[in-house]
Amino acid sequence: MSRAIDISATDGTIDAHIVTPDNAVGPLPAVVLFTDIGGLRPCYHEKAQRIADSGYAVLLPNIYYRDAAGEIVPEGKSFRDPDVRPTLVEYAGHLSPEAQSRDFGALLECLDAEAEFAGGKVGVVGYCMTGAFALRMAAEHPERIAAVAGFHSANLAKADDGSSPVGLVDAIEARVYFGHADKDELLPPEQIARMDEALAAAGVHFTTELYKGAAHGFTAKDAPSYDATADVLHHKRLATLLEETL
């Protein structure tokens with residue numbers, strides 16, 4: 001079950017969806033689901049519903065609301081098509097850490113205001129570039145975020161990048177899970193090691209898992225890199241994390 005909602009934010013109006021189980025009774029623990037670079041589209045609505053069906057209310061925002069509402073990728077096209085991807089890269093370039101921070105506040109206000117969401121702790125999950133968003137949200141709102149998950153995350157710990165979320169992990173109180181793609185050019189082994197070292201030094205409860213043989217984007221059903229076996233494992237790991245934290 002899904003309903004559309006408009007969320008007032010500093011930079012405009014975030015179009016989003018609240019997704020709940022069909023048989024939902026009363027408020028449920030909240031999960032914020034950030035899409036990958038492709039934005040809102042059917043495979044992410046499906047992800048949101050699958051999470052919700054385990055007993056959660058999921059907030060699925062349009063990360064590109066500053067530039068366009070709804071689905072960015074035209075029907076019948078792929079987010080990886082050469083005539084689509086430049087637009088996505090342009091829109092993604094507008095999502096600076098400062099812009100993300102402003103959005104986090106608006107999303108948390110939505111969770112507090114809407115009847116579907118129970119009060120208290122929140123889970124956040126991100127894919128590709130938004131694995132970093134999820135980490136940053138947990139670092140900036142440690143009192144609210146209890147669980148962070150990132151799958152085939154990108155650029156989590158680039159060397160000499162002052163805006164990298166690796167520099168914020170000291171503030172995280174949430175439990176963290178990463179499911180990394182094998183041989184991912186967007187998150188090479190040295191970045192994985194740098195992030196793991198930072199999380200360990202900060203005393204964060206975290207788990208890192210390498211999905212052997214799975215390529216970047218392995219959970220995206222509309223990508224050529226989709227891996228059904230890895231996708232099933234990702235849902236299993238996410239369900240366990242949310243159950244044990246929320």
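1. Thr35 sits in the loop between strand E3 (28-33) and helix H1 (42-52); helices (H or I, at least four residues) and strands (E, at least two) are DSSP runs numbered from the N terminus. This is a predicted model, where local features need pLDDT of at least 70 and side-chain atom pairs count only at pLDDT 80 or more, while totals for chains, interfaces and linings use all residues. Residues are numbered from 1 along each chain as its sequence is written, and side-chain values use heavy atoms, with hydrogens and water left out.

2. Staying with Thr35: its relative accessible area is 0%, so it counts as buried (buried is under 20% relative accessible area, exposed over 50%, partly exposed in between, with a 1.4 Å probe and protein chains only). Not counting residues up to four places away in sequence, Thr35 touches Leu40, Tyr44, Leu60, Ile63, Tyr127 and Thr130; contact here means heavy atoms within 4.5 Å.

3. Now the strands, which pair if DSSP finds at least two bridges between them. E1 (residues 2-9) and E2 (residues 12-19) run antiparallel over eight bridges, and they make a hairpin with two residues between them. Ile7 is the residue standing opposite Ile14 in E2. E2 also pairs with E4 (residues 57-61), again in the antiparallel sense, over four bridges; there Ile18 has Leu59 as its bridge partner.

4. Helix H4 (residues 130-140) is worth a look. Ten of its eleven residues are buried, so the helix is largely enclosed by the rest of the structure. Among those buried residues are Thr130, Phe133, Arg136 and Met137. The cover over them includes E3, helix H3 (97-113), strand E5 (117-127), strand E6 (145-151), strand E7 (175-181) and helix H5 (189-201).

5. For H1, the buried residues are Cys43, Tyr44, Lys47, Ala48, Ile51 and Ala52. They pack against E2, E3, E4, E5 and H6. As a reminder on helix geometry, an α-helix has 3.6 residues a turn, so residues three or four places apart point the same way.

6. On the aromatics: rings of Phe, Tyr and Trp (its six-membered ring) pair if their centres lie within 6.5 Å, with planes under 30 degrees apart called stacked, over 60 edge-to-face and the rest tilted. By that rule there are seven aromatic pairs. Phe34 and Phe133 have ring centres 6.0 Å apart and planes at 70°, so that pair is edge-to-face. It links distant parts of the chain, with Phe34 in the loop between E3 and H1 and Phe133 in helix H4, 99 residues apart. Both Phe34 and Phe133 are buried.

7. Phe151 and Tyr177 are another pair: centres 5.7 Å apart and planes at 45°, so this one is tilted. Phe151 lies in strand E6 and Tyr177 in strand E7, 26 residues apart, and both are buried. Ring pairs also join Tyr44, Tyr127, Phe151 and Tyr177 into a cluster.

8. Two charges sit over rings (NZ of Lys or CZ of Arg within 6 Å of the ring centre and within 35 degrees of the ring normal). The charged end of Lys47 is over the ring of Tyr44, 4.1 Å from its centre, and Arg41 lies over the face of Phe79, at 4.5 Å from the ring centre.

9. Last, Ala215, in the loop between strand E8 (206-211) and helix H6 (228-245). Its relative accessibility is 34%, so it counts as partly exposed. Leaving aside neighbours within four places in sequence, Ala215 is in contact with Ala181 and Ser225. Ala215 and Asp227 are twelve residues apart in sequence and 7.8 Å apart in space, C-alpha to C-alpha.
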